[in-house]
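Hi,

Here is the structure I said I would pass on. Have a look at it first, and my notes come after.

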Amino acid sequence: MRLKIAVPVVLAGLLLAALGVAQTTFWAPASTMTATTATDVQKAPVTIVDAGLRPDDLEKLDVTIEGEGDFVVAMGRADDVEAWVGKAANIRLTGVSEGEIEATFTEGEKSVPDPRGSDLWVSEETASGKVVQSWVDPAPGEWSLLIAADGKSPAPTSVSVSWPNDETTPFAIPLIVVGALVAVFGMALAFTSKRGGGRRATAAGSRSARRNGRSGASVYRGSGRRNSMAVPAVRLSLISAVLAGLVATGAPATQAVSTSSEDSGPSKIETTPALLDSQLARILESVATAVSEADAARDPKMLEGRLGGAAEQLRSANYEVQAKAPDEEPLVPVAAKPVLTQMITTKQDWPRTVVAVTQGEKNEVPQALVLTQKDPRSNYQLVSATQMLPGTTFPKVPAGGVGVEPQDKGAAEGLKSSPEAALETLAKTLTASKSKADDGIAENTFVDDVIGSQTATVKSDQSKFADIKFTHKVDPERTHSLKTGDGGAIVFGYLNNTYASSPKGPGDTLKPKGVVEQLLGKKETEKSIDVRYGQSVMMYIPPAGSDSPIQIIGAAQALLSAKLK
């Protein structure tokens with residue numbers, strides 16, 4: 001009887017194990033999932049692989065792009081990509097449905113600028129014909145891919161994506177284990193039926209016969225049927241319980257992983273800087289290279305694109321002055337690294353402002369570099385390069401990974417003074433050539449040097465024959481301000497400084513010296529002379545209620561021109 005039961009038990013075990021093996025081999029789900037775009041997608045100058053195409057819980061998405069000729073694939077923050085595309089016609093790949101990538105077409109402008117080299121991109125790759133990219137988000141937030149040819153030709157739309165298949169076979173291992181146990185049990189059942197059954201029956205029958213006076217065979221048949229049926233039934237029930245337990249332990253594990261995947265995902269950081277450190281490093285390197293090459297050639301045209309505002313004016317003027325006056329010293333080099341500290345705005349619209357403090361090998365003191373980006377399709381330009389004054393420290397900045405907010409240059413709320421008012425106070429102090437304790441500005445070497453030079457000029461022998469006047473005026477269009485980590489503000493301003501001298505009376509002559517003489521080409525003149533300087537200043541304004549005064553922590557001055565009137 002046991003042998004009859006053992007055979008189907010073994011077969012059942014083998015069947016269960018075979019089912020488990022099948023689920024891990026030829027019945028196993030594909031290791032990767034793939035989706036592609038349709039062949040009839042409309043054409044546009046830009047294709048956007050939307051952030052929604054890549055789920056938050058997916059660490060990596062492989063993207064294959066095919067197109068005719070050369071094209072570029074760039075990654076940027078989703079909002080930045082949107083801003084760069086603007087009103088241009090585009091194809092947007094938004095999601096996957098039944099193995100096909102969903103694509104939508106938006107009408108708009110038929111061309112865009114070539115996106116290569118934009119400061120908005122965290123990375124970009126130029127390809128020809130075909131490229132495979134592993135899309136991994138470089139930081140928290142939403143990221144998109146932008147695909148374009150040259151901005152005029154249609155962008156590639158043949159895109160396929162693949163990702164690991166998270167479909168599992170939770171019953172495979174339990175089936176294999178339980179199947180093996182059942183098969184082993186069946187074989188053990190068959191083995192014991194051949195070896196031990198007769199001897200136990202004979203012994204039991206003899207003892208029962210002596211006690212009950214009945215034949216051993218009769219007792220054997222009765223007790224044998226009860227034992228042979230009860231034992232396998234108990235063991236089978238135990239196996240069923242084990243199977244149920246193993247299956248039960250498999251299912252919740254899959255469910256727990258699924259729930260974790262849905263809940264996990266990068267949380268949106270409201271203080272995310274507009275640039276990653278890698279972007280800032282690349283931008284600074286590009287700026288420093290442009291300045292270095294222009295300095296070597298003394299060619300202001302080579303500054304176009306990477307310099308603007310006060311920085312471009314001072315450097316271009318310095319080239320012109322050096323060409324006429326060899327004694328004029330060049331401006332200090334612009335260093336891209338090392339970056340001592342940085343302030344990156346969190347502002348998502350434009351213009352954007354970034355500050356980096358660097359000190360290269362050729363710079364005696366650190367310099368604060370101010371870069372601005374006027375719109376999404378423009379690159380950052382260096383608009384101010386200011387050397388820090390001896391004994392000063394840069395204001396407190398937020399901890400790493402947190403951006404800063406812009407400060408309205410006309411607003412004084414929360415500050416001891418508005419940035420514009422602080423610059424106006426500085427201009428009045430310099431024009432009057434008197435530093436007063438009640439002007440709210442701490443003593444500093446820049447003010448002392450300027451006032452000292454002006455005072456010495458007024459008291460010189462030249463003043464016997466000339467009327468001398470100094471003026472300092474703020475250029476409000478070149479004021480930039482950011483909030484600091486302690487509630488104050490750092491301000492970068494620009495002042496136009498004019499040194500005007502004119503003969504006091506008929507027959508009086510002016511005798512220019514040094515670089516001014518070289519620029520005018522005259523050793524003396526009866527005409528008036530205007531000498532113009534540009535002054536970049538960096539100020540720190542403490543928060544309201546602070547006992548500290550406004551501090552001048554950096555400055556740079558350059559001779560712009562000298563002209564006869």
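Below is what I found, going from the whole chain down to single residues.

First, a caveat: this is a predicted model. The protein has 10 helices and 17 strands. Of its 565 residues, 42% are buried. If you take contacts with a separation of 6 or more, 73% of them are between residues 24 or more positions apart.

Seven of its seven residues are buried, so the rest of the structure largely encloses β10. In a regular strand, side chains alternate between the two faces of the sheet. Here both faces are covered: Arg352, Val354, Ala356 and Thr358 sit on one side, with Thr353, Val355 and Val357 on the other. On the pairing side, β10 runs antiparallel to β9 (residues 339-344) over five bridges, and valine 339 has threonine 358 of β10 as its bridge partner. Strand β11 (residues 367-373) also pairs with β10 in the antiparallel sense, over seven bridges. There, alanine 356 stands opposite leucine 369.

Next, helix α7 (residues 309-324). Its 16 residues should span 22 Å at 1.5 Å a residue, and the end C-alpha atoms are 23 Å apart, which agrees. Its buried residues include Ala310, Leu314, Arg315, Tyr319 and Val321. Among the elements covering the buried residues of α7 are α6 (277-297), β12 (381-388), α10 (514-520) and β17 (551-564).

Aspartate 295 is partly exposed, at 25% relative accessible area.

The loop between α6 and α7 is worth a zoom too. Leucine 307 is found there, and its 1% relative accessibility makes it buried. Leaving aside neighbours within four places in sequence, leucine 307 is in contact with Val287, Val291, Glu312, Arg315, Gln381 and Leu382. One of these, glutamine 381, is 74 residues away in sequence, yet the C-alpha atoms are 4.8 Å apart.

Arginine 306 meets aspartate 119 in a salt bridge (2.9 Å, N to O). Arginine 306 lies in the loop between α6 and α7 and aspartate 119 in the loop between β5 (100-106) and β6 (123-135), so this pair ties together parts 187 residues apart in sequence. Both ends count as buried: arginine 306 at 11% relative accessibility and aspartate 119 at 2%.

As for the other salt bridges, the total count is 10. Aspartate 114 pairs with arginine 116, at 3.0 Å between the closest N and O atoms. Aspartate 114 is partly exposed at 38% relative accessible area, and arginine 116 is partly exposed at 30%. Asp50, Glu82 and Arg92 are linked in a salt-bridge network.

Last, the surface. Val7, Leu11 and Leu14 form a nonpolar patch with about 290 Å² of accessible area together. Leucine 11 belongs to helix α1 (residues 2-24) and counts as exposed, at 54% relative accessibility.

Cheers

Terms used. Residues numbered from 1 in each chain as written. Predicted model: local features only at pLDDT ≥ 70, side-chain atom pairs only at ≥ 80, totals over all residues. Heavy atoms only, no water. Patch = residues over 30% accessible without salt bridge, like charges linked within 9 Å, V, L, I, M, F, W, Y side chains within 5 Å. Areas by Shrake-Rupley, 256 points an atom, 1.4 Å probe, with all protein chains shown as cover. Salt bridge = Lys/Arg side-chain N within 4 Å of Asp/Glu carboxyl O. Helix = DSSP H or I, 4+ residues; strand = E, 2+ residues; numbered from the N terminus. Buried < 20%, exposed > 50% of the residue type's maximum accessible area, 1.4 Å probe, protein only. Expected span 1.5 Å × (residues − 1). Contact = heavy atoms within 4.5 Å. Pairing = 2+ DSSP bridges.
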